[in-house]
Amino acid sequence: MAIDVFEAIHTARAFRKFKPDPVPEAIITQVLDAAIHAPSAGNAQNWAFVVVRDAVQRRRLGEVYRKGSDIASAMYAARGRPPHLTEEQFQKMMTSGSWLWDHMADAPVILVPCQTAPVLPPIDTLPADVRSLYEQEQRYVERIRGASIYPAIENIILACRALGLGTTITTNHIRCEDDVKAVLGIPANVQTFAMMPIGYPVGKFGPVVRRPVAEVTHADRWSQPWPESGGLKHVRPLGNRHGRA
(Lines give C-alpha, C1' and ligand atoms only; values in the text may rest on other atoms or scores of the structure.)
Protein backbone atom coordinates (compact mmCIF):
# COMPACT_ATOMS: atom_id res chain seq x y z
CA MET A 1 0.00 0.00 0.00
CA ALA A 2 1.36 3.42 -0.98
CA ILE A 3 2.10 5.86 1.83
CA ASP A 4 2.03 9.64 1.93
CA VAL A 5 5.36 11.23 1.00
CA PHE A 6 5.49 13.12 4.30
CA GLU A 7 4.95 9.90 6.21
CA ALA A 8 7.87 8.38 4.31
CA ILE A 9 10.09 11.38 5.04
CA HIS A 10 9.26 11.41 8.74
CA THR A 11 9.57 7.67 9.32
CA ALA A 12 12.43 6.53 7.05
CA ARG A 13 14.94 6.13 9.83
CA ALA A 14 18.32 4.53 9.26
CA PHE A 15 18.35 0.73 9.39
CA ARG A 16 21.50 -1.32 9.82
CA LYS A 17 20.07 -4.71 10.80
CA PHE A 18 18.12 -6.81 8.31
CA LYS A 19 16.30 -10.09 8.04
CA PRO A 20 18.07 -12.67 5.84
CA ASP A 21 15.10 -12.80 3.43
CA PRO A 22 16.09 -12.00 -0.16
CA VAL A 23 14.64 -8.90 -1.78
CA PRO A 24 12.79 -9.75 -5.03
CA GLU A 25 14.46 -8.44 -8.16
CA ALA A 26 11.28 -6.66 -9.24
CA ILE A 27 11.26 -4.64 -6.03
CA ILE A 28 14.93 -3.69 -6.43
CA THR A 29 14.12 -2.56 -9.97
CA GLN A 30 11.26 -0.44 -8.62
CA VAL A 31 13.64 1.23 -6.16
CA LEU A 32 16.14 1.92 -8.94
CA ASP A 33 13.39 3.31 -11.15
CA ALA A 34 12.62 5.81 -8.38
CA ALA A 35 16.30 6.72 -8.28
CA ILE A 36 16.53 7.57 -11.97
CA HIS A 37 13.53 9.88 -11.72
CA ALA A 38 15.46 12.24 -9.47
CA PRO A 39 16.63 15.65 -10.72
CA SER A 40 19.78 15.55 -12.86
CA ALA A 41 21.89 18.64 -13.56
CA GLY A 42 21.80 19.45 -17.25
CA ASN A 43 19.73 16.28 -17.67
CA ALA A 44 23.09 14.46 -17.91
CA GLN A 45 21.72 11.33 -16.17
CA ASN A 46 25.32 10.23 -15.68
CA TRP A 47 24.51 8.01 -12.73
CA ALA A 48 25.06 4.27 -12.47
CA PHE A 49 24.19 1.72 -9.80
CA VAL A 50 25.88 -1.51 -8.78
CA VAL A 51 23.52 -3.96 -7.08
CA VAL A 52 25.48 -6.52 -5.08
CA ARG A 53 23.64 -9.68 -4.01
CA ASP A 54 26.35 -12.33 -4.37
CA ALA A 55 27.48 -13.44 -0.89
CA VAL A 56 31.18 -13.50 -1.78
CA GLN A 57 31.04 -10.00 -3.24
CA ARG A 58 29.13 -8.74 -0.20
CA ARG A 59 31.78 -10.22 2.09
CA ARG A 60 34.57 -8.53 0.12
CA LEU A 61 32.77 -5.21 0.27
CA GLY A 62 32.21 -5.72 3.99
CA GLU A 63 35.95 -6.12 4.51
CA VAL A 64 36.67 -2.87 2.70
CA TYR A 65 33.89 -1.12 4.58
CA ARG A 66 35.35 -2.31 7.88
CA LYS A 67 38.73 -0.89 6.86
CA GLY A 68 37.23 2.51 6.08
CA SER A 69 35.15 2.43 9.25
CA ASP A 70 38.24 2.04 11.41
CA ILE A 71 39.30 5.47 10.15
CA ALA A 72 35.79 6.83 10.69
CA SER A 73 35.76 5.53 14.26
CA ALA A 74 38.92 7.48 15.08
CA MET A 75 37.46 10.61 13.51
CA TYR A 76 34.17 10.35 15.44
CA ALA A 77 35.99 9.79 18.71
CA ALA A 78 38.25 12.81 18.17
CA ARG A 79 35.33 15.00 17.09
CA GLY A 80 33.26 14.17 20.14
CA ARG A 81 29.54 14.46 20.77
CA PRO A 82 27.55 16.98 18.68
CA PRO A 83 25.95 19.57 20.98
CA HIS A 84 22.37 18.73 19.93
CA LEU A 85 22.75 15.09 21.08
CA THR A 86 22.67 13.87 24.64
CA GLU A 87 25.44 11.54 25.71
CA GLU A 88 22.94 8.67 25.60
CA GLN A 89 21.87 9.56 22.05
CA PHE A 90 25.49 9.88 20.94
CA GLN A 91 26.45 6.51 22.37
CA LYS A 92 23.38 4.90 20.78
CA MET A 93 24.37 6.36 17.41
CA MET A 94 27.94 5.13 17.78
CA THR A 95 26.81 1.67 18.85
CA SER A 96 24.34 1.23 15.99
CA GLY A 97 26.86 2.57 13.50
CA SER A 98 29.65 0.32 14.73
CA TRP A 99 27.39 -2.73 14.42
CA LEU A 100 27.16 -2.12 10.69
CA TRP A 101 30.95 -1.79 10.46
CA ASP A 102 31.15 -5.52 11.18
CA HIS A 103 27.92 -6.65 9.50
CA MET A 104 27.66 -4.85 6.16
CA ALA A 105 27.90 -8.20 4.37
CA ASP A 106 24.81 -9.48 6.22
CA ALA A 107 22.48 -7.22 4.23
CA PRO A 108 20.77 -9.17 1.41
CA VAL A 109 21.53 -6.29 -0.97
CA ILE A 110 24.33 -3.74 -1.02
CA LEU A 111 23.63 -0.91 -3.44
CA VAL A 112 26.50 1.30 -4.59
CA PRO A 113 25.34 4.50 -6.36
CA CYS A 114 27.97 5.86 -8.75
CA GLN A 115 28.48 8.73 -11.13
CA THR A 116 30.92 9.39 -13.93
CA ALA A 117 33.52 11.99 -12.98
CA PRO A 118 32.86 15.51 -14.30
CA VAL A 119 34.83 16.49 -17.38
CA LEU A 120 35.41 20.10 -18.38
CA PRO A 121 35.80 21.08 -22.02
CA PRO A 122 39.42 21.73 -23.14
CA ILE A 123 40.50 25.18 -22.09
CA ASP A 124 41.40 26.20 -25.65
CA THR A 125 37.78 25.70 -26.76
CA LEU A 126 36.52 28.38 -24.37
CA PRO A 127 36.15 32.12 -25.00
CA ALA A 128 39.18 34.11 -23.91
CA ASP A 129 37.34 35.83 -21.04
CA VAL A 130 36.33 32.43 -19.60
CA ARG A 131 39.75 30.79 -19.85
CA SER A 132 41.03 32.87 -16.95
CA LEU A 133 38.30 31.31 -14.80
CA TYR A 134 39.22 27.72 -15.66
CA GLU A 135 40.75 26.84 -12.28
CA GLN A 136 37.78 28.43 -10.55
CA GLU A 137 35.47 26.31 -12.70
CA GLN A 138 37.40 23.17 -11.74
CA ARG A 139 36.84 23.99 -8.07
CA TYR A 140 33.17 24.65 -8.78
CA VAL A 141 32.70 21.30 -10.51
CA GLU A 142 34.36 19.49 -7.60
CA ARG A 143 32.18 21.35 -5.10
CA ILE A 144 28.90 20.35 -6.76
CA ARG A 145 29.84 16.88 -7.94
CA GLY A 146 27.31 15.16 -5.68
CA ALA A 147 24.38 17.38 -6.63
CA SER A 148 23.08 14.98 -9.27
CA ILE A 149 23.54 11.70 -7.39
CA TYR A 150 22.43 12.46 -3.84
CA PRO A 151 18.87 13.37 -4.92
CA ALA A 152 18.74 9.92 -6.54
CA ILE A 153 19.99 8.41 -3.28
CA GLU A 154 17.23 10.19 -1.35
CA ASN A 155 14.69 8.75 -3.78
CA ILE A 156 16.15 5.32 -3.02
CA ILE A 157 15.65 5.88 0.70
CA LEU A 158 12.04 7.00 0.24
CA ALA A 159 11.22 4.22 -2.23
CA CYS A 160 12.61 1.66 0.21
CA ARG A 161 10.44 3.10 2.96
CA ALA A 162 7.34 2.98 0.75
CA LEU A 163 8.04 -0.66 -0.12
CA GLY A 164 8.70 -1.77 3.45
CA LEU A 165 12.47 -1.99 3.05
CA GLY A 166 15.10 -0.54 5.34
CA THR A 167 18.33 1.12 4.31
CA THR A 168 20.84 3.77 5.31
CA ILE A 169 23.40 5.88 3.51
CA THR A 170 27.02 5.44 4.51
CA THR A 171 30.20 6.75 2.91
CA ASN A 172 32.98 5.22 5.02
CA HIS A 173 34.07 3.10 2.05
CA ILE A 174 35.12 6.19 0.08
CA ARG A 175 38.21 6.35 2.30
CA CYS A 176 39.21 3.11 0.54
CA GLU A 177 37.46 3.68 -2.76
CA ASP A 178 40.18 2.09 -4.89
CA ASP A 179 39.59 -1.18 -3.04
CA VAL A 180 35.84 -0.97 -3.65
CA LYS A 181 36.36 -0.24 -7.34
CA ALA A 182 38.70 -3.22 -7.61
CA VAL A 183 36.09 -5.54 -6.05
CA LEU A 184 33.31 -4.30 -8.33
CA GLY A 185 35.33 -3.64 -11.49
CA ILE A 186 34.29 0.01 -11.57
CA PRO A 187 36.10 2.05 -14.26
CA ALA A 188 38.61 4.73 -13.31
CA ASN A 189 36.39 7.58 -14.50
CA VAL A 190 33.49 6.53 -12.25
CA GLN A 191 33.17 7.61 -8.62
CA THR A 192 31.17 5.95 -5.86
CA PHE A 193 29.03 8.12 -3.60
CA ALA A 194 27.46 5.76 -1.09
CA MET A 195 27.17 2.21 0.09
CA MET A 196 23.59 1.33 0.98
CA PRO A 197 22.66 -1.94 2.71
CA ILE A 198 19.06 -2.83 1.81
CA GLY A 199 16.74 -5.47 3.20
CA TYR A 200 13.62 -6.13 5.23
CA PRO A 201 14.42 -4.39 8.51
CA VAL A 202 14.75 -5.74 12.01
CA GLY A 203 12.82 -3.13 13.98
CA LYS A 204 10.13 -0.59 13.22
CA PHE A 205 10.07 2.49 11.03
CA GLY A 206 10.33 6.02 12.44
CA PRO A 207 9.97 8.49 13.81
CA VAL A 208 13.03 10.42 12.67
CA VAL A 209 14.03 12.94 15.35
CA ARG A 210 15.65 16.17 14.16
CA ARG A 211 16.40 19.65 15.45
CA PRO A 212 13.43 21.99 14.90
CA VAL A 213 13.11 24.03 11.72
CA ALA A 214 13.36 27.36 13.55
CA GLU A 215 16.69 26.32 15.06
CA VAL A 216 18.41 25.75 11.72
CA THR A 217 16.71 28.30 9.46
CA HIS A 218 17.46 31.98 8.83
CA ALA A 219 14.96 34.48 7.40
CA ASP A 220 16.27 36.64 4.54
CA ARG A 221 19.79 36.82 6.01
CA TRP A 222 22.01 34.94 8.46
CA SER A 223 21.07 35.25 12.13
CA GLN A 224 17.59 36.55 11.40
CA PRO A 225 15.42 33.91 13.11
CA TRP A 226 12.77 31.96 11.31
CA PRO A 227 9.50 32.14 13.30
CA GLU A 228 8.73 29.31 15.66
CA SER A 229 6.38 27.03 13.78
CA GLY A 230 4.44 25.91 16.82
CA GLY A 231 1.72 23.62 15.48
CA LEU A 232 3.48 22.48 12.31
CA LYS A 233 1.06 21.01 9.81
CA HIS A 234 1.75 19.23 6.57
CA VAL A 235 -0.14 21.04 3.83
CA ARG A 236 -1.44 18.76 1.08
CA PRO A 237 -1.01 20.03 -2.49
CA LEU A 238 -4.01 21.75 -4.07
CA GLY A 239 -5.89 19.80 -6.69
CA ASN A 240 -4.98 16.42 -5.21
CA ARG A 241 -8.38 15.05 -4.31
CA HIS A 242 -6.98 11.89 -2.77
CA GLY A 243 -4.50 13.75 -0.61
CA ARG A 244 -1.51 11.74 -1.78
CA ALA A 245 1.82 13.37 -2.47
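Visitor: Let's start with Asn43: is Asn43 buried or exposed?

Guide: Buried means under 20% relative accessible area, exposed means over 50%, and partly exposed is in between, using a 1.4 Å probe and protein chains only. Asn43 is exposed, with a relative accessible area of 55%. Keep in mind that this is a predicted model, where local features need pLDDT of at least 70, side-chain atom pairs count only at pLDDT 80 or more, and totals for chains, interfaces and linings use all residues. Residues are numbered from 1 along each chain as its sequence is written, and side-chain values use heavy atoms, leaving out hydrogens and water.

Visitor: Where is Asn43, and what about its phi?

Guide: Most residues other than glycine have a negative phi. Asn43 has a positive phi of about 50 degrees, although it is not a glycine. Asn43 sits in the loop between H2 and E1. Those labels are DSSP runs numbered from the N terminus: helices are H or I with at least four residues, strands are E with at least two. Asp220 also has a positive phi, near 70 degrees, and is not glycine either. Asp220 is in the segment after H9 and is exposed, with a relative accessible area of 87%.

Visitor: Which residues does the cis peptide bond join?

Guide: In general, most peptide bonds are trans. Here a cis one joins Gly206 and Pro207, with omega about -5 degrees. Look for Pro207 in the loop between E5 and helix H9 (213-216).

Visitor: How many helices and strands does the protein have?

Guide: There are nine helices and five strands. Buried residues make up 34% of the 245 residues.

Visitor: Which residues have the most contacts inside the largest nonpolar core?

Guide: A nonpolar core is a set of buried Ala, Val, Leu, Ile, Met, Phe, Trp, Tyr and Cys residues joined through side-chain atoms within 4.5 Å. The largest one has 23 residues, and Ile153, Ile156, Leu165, Met196 and Ile198 have the most contacts inside it. Helix H2 (25-35), strand E2 (109-116), helix H7 (150-162) and strand E5 (196-199) each supply at least two residues of this core. H7 gives the most, with six residues. Apart from this core lies another, of 17 residues, including Leu61 and Met104.

Visitor: How do the buried residues of H2 fall around its axis?

Guide: An α-helix has 3.6 residues a turn, so residues three or four places apart point the same way. In H2 the buried residues are Ile27, Ile28, Val31, Leu32 and Ala35. They fall within an arc of 140 degrees seen down the axis of H2, so they line one face of the helix; the arc is that of the directions from the helix axis to the C-beta atoms. These residues pack against strand E1 (47-52), E2 and H7.

Visitor: What does His173 touch?

Guide: Contact means heavy atoms within 4.5 Å. Not counting residues up to four places away in sequence, His173 touches Tyr65, Val180, Thr192, Phe193, Ala194 and Met195. His173 is buried, with a relative accessible area of 0%, and lies in the loop between E3 and H8.

Visitor: And Ile174: where is Ile174 found?

Guide: Ile174 is found in the loop between strand E3 (166-167) and helix H8 (177-184). At 31% relative accessibility, Ile174 counts as partly exposed.
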